[in-house]
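This report describes the fold of one protein chain, starting with the whole and moving on to its parts. Please keep the sequence and the 3D view open while reading.

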Amino acid sequence: MDQTGLDRLQHRTIRVLVAAQIFGGGGFFLGFAVSVLLARELTDDDSLIGIPVAIAVAAAALSAGPLGSWMQHSGRRPGLAAGQLCGATGAVCVVLAARADSFPLFCGAMALFGAGNASNLLARYAASDLPTPDRRGRAISTVLLATAGGAILGPNLAEAAGALGDALGVPDEAAPFAFSAVALVISAGIVLVGLRPDPLLAAREAAGPTAGAGTDAGAAEPVWTRLALTGAASMVLANVVMVGIMTMTPIHLDDAGQSLGVVGLVISLHVAGMFLPSPVTGVLVDRVGRLQVIGASGVVLVLAGGLALPSSGHDTGLVIAALVLLGIGWNLGLIGGSTLLTDSIPLAQRARAQGRADLAMGLAGALGSLASGPVMHGGGFGVLALVGGFMGAALVVVALRAASLTPRPAEAG
């Protein structure tokens, strides 16, 4: 396939991914926004309410590695669709767990639901297979921006969807998962039908025989250079800060007597911060530099922690400001880190390395979610914010260290 054909395929790939991510993002974030509140309904122990979210994040992480390896062998399409269908199955099981009033069953269902987010996140890499490095950040950012459409709309449907709880025989906090299941099935269908030819397989074909070398099982183990590790570290640190604070924000607001509508608004604005800056971030990554954007991520996360530190659940404006900055910091770290990682790994090893990086990122997020309950229970929301600020500062150090050891032209390779 010549360059003109590759460009046409890239445009088609982006259109398909955008459509799929609107439904996939909406389905996942609608359920995620109410999951901790449903956990509180199903257990009397507040120290356990972060566990279902932690399980979902861990499941997404554990799914990312196998999905990445599967994509390395078979292309992007089957892995992305399988993740979304698994998430839909989990959403249905959440509704059944709520009907049974079973916290353990809810935890198991959240494991399946979390796999849908593995697919949502890995979709950004499908956009990076075909473009040249100087356009890679913008391609990744376009898919993340598409996720924003559904991700912002999803939490805002929580109150309306919750009104169907009586009809379904479940608490109001469980009904949104029925909507999530439908959205995730639609996303899977779009990928299965539309993502042809597969972008990763087309990129290998265009690059020649050497680009596909080592794609057999057990071969093509990624070589983790310093820059590849820096990219992965950026995603890990940004994610653990974001997930840890976001997980406990609904509880922080609920304890102050805020309504489910306010909780949905705060989370949706946070998600807007996570995804809407993507076009600007993509341009900055391509034109200013990967490491510079990663450093900016750490600075913004420190600011988010500083704003969240003194906030009470009654200070809705302050909570919103902190959560929006938290989302922006995550966006900078994810796009900067994903692009740097992709630059630093050869095509034949890339999908597996991407899956493993998302595995590490997700496990770190699960740890943040799991720890957030006891930290908040013991020290309050302010202590949780303080820990997040310190981790943001660590990300600044990581970026400065890598920049001091790397000549500028090498990072854009």
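## Overall form

For a chain of 413 residues, a compact globule would have a radius of gyration near 22 Å; the chain has 20 Å, so the value agrees with that form. The model is predicted. Taken along the principal axes, the box filled by the C-alpha atoms is roughly 60 × 45 × 35 Å.

The chain contains 17 helices and zero strands. Of its 413 residues, 60% count as buried. Among the contacts in the chain with a separation of 6 or more, 86% are between residues 24 or more positions apart.

## Helix α1 against helix α3

Helix α1 covers residues 3–42 and helix α3 covers residues 76–99. The two pack with their axes 11 Å apart, at an angle of about 30 degrees. An angle under 35 degrees counts as roughly parallel, and therefore α1 is roughly parallel to α3. Their crossing is left-handed.

On the α1 side, the residues that meet α3 are Leu17, Gln21, Gly24 and Leu38. Their partners in α3 are Leu80, Gln84, Val94 and Ala98. Sorted by class, this contact of α1 with α3 has five nonpolar, three polar and no charged residues.

## Helix α1 against helix α10

Helix α10 spans residues 226–255, and its axis comes within 9 Å of the axis of α1. The two axes cross at roughly 60 degrees, which means that α1 is oblique to α10. Here the crossing is right-handed.

From α1, the contact uses Phe32, Ala33, Val36, Leu37 and Arg40. From α10, it uses Met246, Thr247, Met248, Pro250, Ile251, Asp254 and Asp255. Which classes do the residues of the contact of α1 with α10 divide into? Eight are nonpolar, one is polar and three are charged.

## A residue in α1: Ala39

Ala39 lies in helix α1. Is Ala39 buried or exposed? Its relative accessible area is 0%, and buried means under 20%, so Ala39 is buried.

Which residues is Ala39 in contact with, leaving aside its neighbours within four places in sequence? They are Ile49, Pro52, Phe103 and Phe106.

Conventions
Residues numbered from 1 in each chain as written. Predicted model: local features only at pLDDT ≥ 70, side-chain atom pairs only at ≥ 80, totals over all residues. Heavy atoms only, no water. Axes fitted to C-alpha atoms, helices over the stretch in contact; angles between N-to-C directions. Helix = DSSP H or I, 4+ residues; strand = E, 2+ residues; numbered from the N terminus. Parallel < 35°, antiparallel > 145°, perpendicular 65-115°, else oblique. Left-handed = near helix turned anticlockwise from the far one by under 90°. Contact = heavy atoms within 4.5 Å. Nonpolar A, V, L, I, M, F, W, Y, C, P; charged D, E, K, R; others polar. Rg over C-alpha atoms; globule rule 2.2 N^0.38 Å. Buried < 20%, exposed > 50% of the residue type's maximum accessible area, 1.4 Å probe, protein only.
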